[in-house]
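Please have the viewer open as you read.

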Amino acid sequence: MGRITLDKVRKAFGEVEVIPPLDLTIEDGEFVVFVGPSGCGKSTLLRLIAGLEDVTAGQIRIDGEDATMVPPAKRGLAMVFQSYALYPHMSVRKNIAFPMKMAGIPQDEQNRRIEAAAKALNLTDYLDRRPGQLSGGQRQRVAIGRAIVREPAAFLFDEPLSNLDAALRHGMRLEISELHKRLDTTMIYVTHDQVEAMTMADKIVVLQGGVIEQVGSPMELYRAPRNIFVAGFIGSPKMNLLTGEEAAKRGAHTVGIRPEHVSISTTDGAWKGTVGVAEHLGSDTFLHVHREGATDPMTVRVDGEFSARHGDTVWLTAQEDQIHKFDADGLRIA
Amino acid sequence: MATQHSRSAARFMMAPAVFLLLVWMLVPLSMTLWFSFRRFLPLRGGDQGFVWFENYSRFISSSAFWPSVQTTLIIVGGILLISVVFGILLALLLDQPMWGQGVVRILVIAPFFVMPTVSALVWKNMFMDPTNGLFAHLWRAFGADPVVWLSDAPLFSIILIVSWQWLPFATLILLTAIQSLDSEQLEAAEMDGAGHLSRFGYIILPHMSRAITIVILIQTIFLLSIFAEIFVTTGGAFGSRTLTYLIYQRVLESQNVGLGSAGGVYAIILANIVALFLMRIVGKNLDA
Ligand SMILES: Nc1ncnc2c1ncn2[C@@H]1O[C@H](COP(=O)(O)OP(=O)(O)O)[C@@H](O)[C@H]1O
Ligand SMILES: [Mg+2]
């Protein structure tokens, strides 16, 4: 079981309020991702749940029981740190065994769980090595192994992949998702990378300045961002935001158009423009098109085979039913 | 130092320093060896030629030799024990956030700046004096008879004085070691269910092992030759005569340079045995 409820949780460091009162419920077995720009309080929120920081006000409940004052070890949560926080002088085996040793679990049970975790995480050959002799990805897996063997009510991850290179990051993303499906345990995952959030989450919590901007499934956030911040943060490349005449024409202060919802033509369309930088990904190409009379270029997704050279003239047309409208306060107009 | 050229340039640049160090070390060493083989009594006939190993056999067969080795080892061991144990405790304490941290840290380091002679004299006269010392007053305040520290517990007194001087050094090095510990490791251990003692035993202490090794090795080098503290307190009396002090007595009080030099060579051998022993026990902490 691992249902976590935050009830008007507030956190201030001295005078500085990092997290204004905040409510959130994380259901049992859910994969929840906290996402937001650096310094928005994601780690702080996670550490509050873990018990590594004291809440300034409010209540944290785990499975319905007040855990606000419960010390970290007693909350039944396991955490994977960004730096992995492995114990450098202990072998991988001892690292993984450490929480069980502290809990006084019998030796043969410890061994059974270590073998199982090592097998699941491809660490069997490395059990007698020190963390210093492992690659980044392997260290990451040791940290996860150390979390798994405790059989926690929930896993907490704080930017676990940010120290890995792109290829490993993709691999580990799949492994963690796979792990979640297999264990069916609540996971709370902190990242500043919206791609990780979109690909892994059951539920995304978008944070800015300690405030929850929106909570929802990845597709809900993609289809109906509640405000401009979420609109700009979710989706890659970023949504094009237009103000002024184009927005006024549609009865809004700002309109947002995703690069994948603009069609391009060499002959006719709504806006005329010239091609700027082209980013080729192979399957797709992202063109930055400078529209006539506009300052910012508009990003457009086109097929990878579409050929356009720098300076070519093109016409763009947006899919009207996919345009997001926002009012002067940045809130979505339904 | 990647290329052939930069390697030879480096060698060339280092040569003067290496040469100077060699001379610095070799000249006194060879002079000690030279004198140790000769009968040399400055006030009684001067240099009287080779006697080969007579000085060595006389020095080692003297009744004062083995007790002095024992005293040396007890003093060094005692000081190491006190400064490492209390150094760790003080470092843990100073690592806690507190008001006036900077001032407190400087105060803790202060004893290290006091000259050995001065600190020993201060201890001897202000604290340990059986009539006027602070300890004597304290003892009397509780109705006890004052302890005559330097004659009743000479080794303990010297260990106390020298530990007081070296504690700051140990504390400082151990404090930097504690501060270099990644706080996420401690937090991970906390989440893993480790209490304060377990965190200290499993995380902090192993992390400090290298610093502790350094403290032990460096202090041993200096402590094997402590002299001033003994000179101004007990003057080598009451069984507080270390090997160094014995050599001093042979050379200056007995005016026998040859015998003292032989003792010097024994001191070198003792230092090497101690070093070998220490490297066996704690040296592995320096690898990796
Ligand atoms: N121990 C602390 N003392 C004071 N301020 C802190 C402390 N920890 C974090 N903060 C501040 O809280 C804010 C949120 O930090 P953090 O939760 O680490 O952000 P994120 O993980 O989203 O990048 C930052 O502005 C940071 O400076
Ligand atoms: Mg963070």
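## Where chain A meets chain B

The rule finds 8 residue pairs in polar contact across the interface of chain A and chain B, both residues being at pLDDT 80 or more; a polar contact is a pair of N or O atoms within 3.5 Å, where within protein one must be able to donate a hydrogen and the other to accept it, and residues adjacent in sequence count only if both atoms are side-chain atoms. This is a predicted model, in which local features need pLDDT of at least 70, side-chain atom pairs count only at pLDDT 80 or more, and totals for chains, interfaces and linings use all residues. Residues are numbered from 1 along each chain as its sequence is written, chains are lettered from A in the order in which they are written, and side-chain values use heavy atoms, with hydrogens and water left out.

| Element of chain A | Residues |
|---|---|
| Helix 1 | 42-50 |
| Strand 6 | 77-80 |
| Helix 2 | 92-103 |

Helix 2 of chain A gives the largest share of that side, 4 residues.

The rule also finds 3 salt bridges across this interface, a salt bridge being a side-chain nitrogen of Lys or Arg within 4 Å of a carboxyl oxygen of Asp or Glu. A:R150 and B:D192 meet in a salt bridge through their side chains, at 3.9 Å from N to O.

In contact terms (heavy atoms within 4.5 Å), 22 residues of chain A touch 15 residues of chain B.

## Backbone details

What is the omega of the cis peptide bond that joins A:S236 and A:P237? Omega is about -5° there, and A:P237 is found in the loop between helix 8 (228-233) and strand 11 (240-243) of chain A. A:Y84, a residue other than glycine, has a positive phi near 70°; A:Y84 lies in the loop between strand 6 and helix 2 of chain A.

Methods: Helices (H or I, at least four residues) and strands (E, at least two) are DSSP runs, numbered from the N terminus.
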